[in-house]
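User: I would like to learn how to read a structure like this one, feature by feature. Can we go through it together?

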Amino acid sequence: MVGVRPRRPAAAATAETGDGSPRTLHDVLLACGPRFAELDPACVKCQGVSAPLHAPVLEVWRALRHADLYLY
């Protein structure tokens, strides 16, 4: 289709913070909105699997992504 860009995962572009440390799952959730500031770590699930908030998001993506390269 003309004018439609393919959707691509943003994992590589957002893998590190400004100081070079790995971006964590908590960092990504905070970027989604302030309502995620006080999450109960037991409630965070990716693909139905409990994921620690301190886990690097790139590692979570690599382990749990779908064949279409998205993490749901």
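Analyst: Let's begin with one residue. A37 sits in the loop between α1 and β1. This is a predicted model, and A37 is partly exposed in it, at 44% relative accessibility.

User: What does A37 touch, not counting residues up to four places away in sequence?

Analyst: A37 touches H26 and L30 on that count. Now take a C-alpha distance. A37 and D27 are 10 residues apart along the chain, and their C-alpha atoms are separated by 9.5 Å.

User: What about F36? Which residues is it in contact with, leaving aside neighbours within four places in sequence?

Analyst: F36 is in contact with H26, L29 and L30. H26 and L30 are also touched by A37.

User: Let me step back. How many helices and strands does the chain have, and in what order do the elements run?

Analyst: There are two helices and two strands. From the N terminus on, the order is α-β-β-α.

User: How do I read burial? What share of the residues is buried?

Analyst: The general idea is a cut-off: a residue counts as buried when its relative accessible area is under 20%. In this chain of 72 residues, buried ones make up 22%. The accessible surface comes to about 5,500 Å². Carbon and sulfur atoms account for 59% of that surface.

User: Which residues make up the largest nonpolar core?

Analyst: A nonpolar core joins buried residues through their side-chain atoms. The largest one here has nine residues: L25, L29, F36, V44, C46, A51, L53, A55 and V60.

User: C46 is a cysteine. How many disulfides does the structure hold?

Analyst: The structure holds zero disulfides. C46 is buried, at 8% relative accessibility. C32 is exposed, with a relative accessible area of 53%.

User: How do I read a helix that packs on one side? Which residues of α2 are buried?

Analyst: V57, L58, V60 and W61 are the buried ones in α2. They cover an arc of only 160° around the axis, so they lie on the same side of α2.

User: What covers the buried residues of α2?

Analyst: The cover includes α1, residues 25-32, and β1, residues 45-46.

User: Now salt bridges. How many are there, and which side chains meet?

Analyst: Start with the general idea. An α-helix has 3.6 residues a turn, so residues three or four places apart point the same way. Now the case here. The count comes to one salt bridge. The side chains of E59 and R62 form it, at 2.9 Å from N to O. Both residues belong to helix α2, residues 57-64. They are three residues apart, which means a separation of about one helical turn.

User: Are E59 and R62 buried or partly exposed?

Analyst: E59 is partly exposed, at 43% relative accessibility. R62 is partly exposed too, with a relative accessible area of 46%.

User: Where does T24 lie, and is it buried or exposed?

Analyst: T24 lies in the segment before α1. T24 is buried, with a relative accessible area of 16%. Then read its contacts. Leaving aside neighbours within four places in sequence, T24 is in contact with L53, H54, A55, P56 and V57. L53 and A55 also belong to the largest nonpolar core, and V57 is one of the buried residues of α2.

User: How do I read backbone angles? Which phi value does Q47 have?

Analyst: Look for a positive phi at a residue that is not a glycine. Q47 has one, of about 60°. Q47 is placed in the loop between β1 and β2. Q47 is partly exposed, at 30% relative accessible area. L69 also has a positive phi, of about 70°, and is not a glycine. L69 is found in the segment after α2. L69 is partly exposed, at 37% relative accessibility.

How values were computed. Residues numbered from 1 in each chain as written. Predicted model: local features only at pLDDT ≥ 70, side-chain atom pairs only at ≥ 80, totals over all residues. Heavy atoms only, no water. Core = buried A, V, L, I, M, F, W, Y, C linked by side-chain atoms within 4.5 Å. Buried < 20%, exposed > 50% of the residue type's maximum accessible area, 1.4 Å probe, protein only. Contact = heavy atoms within 4.5 Å. Helix = DSSP H or I, 4+ residues; strand = E, 2+ residues; numbered from the N terminus. Areas by Shrake-Rupley, 256 points an atom, 1.4 Å probe, with all protein chains shown as cover. Salt bridge = Lys/Arg side-chain N within 4 Å of Asp/Glu carboxyl O. Disulfide = S-S within 2.5 Å. Arc of directions from axis to C-beta.
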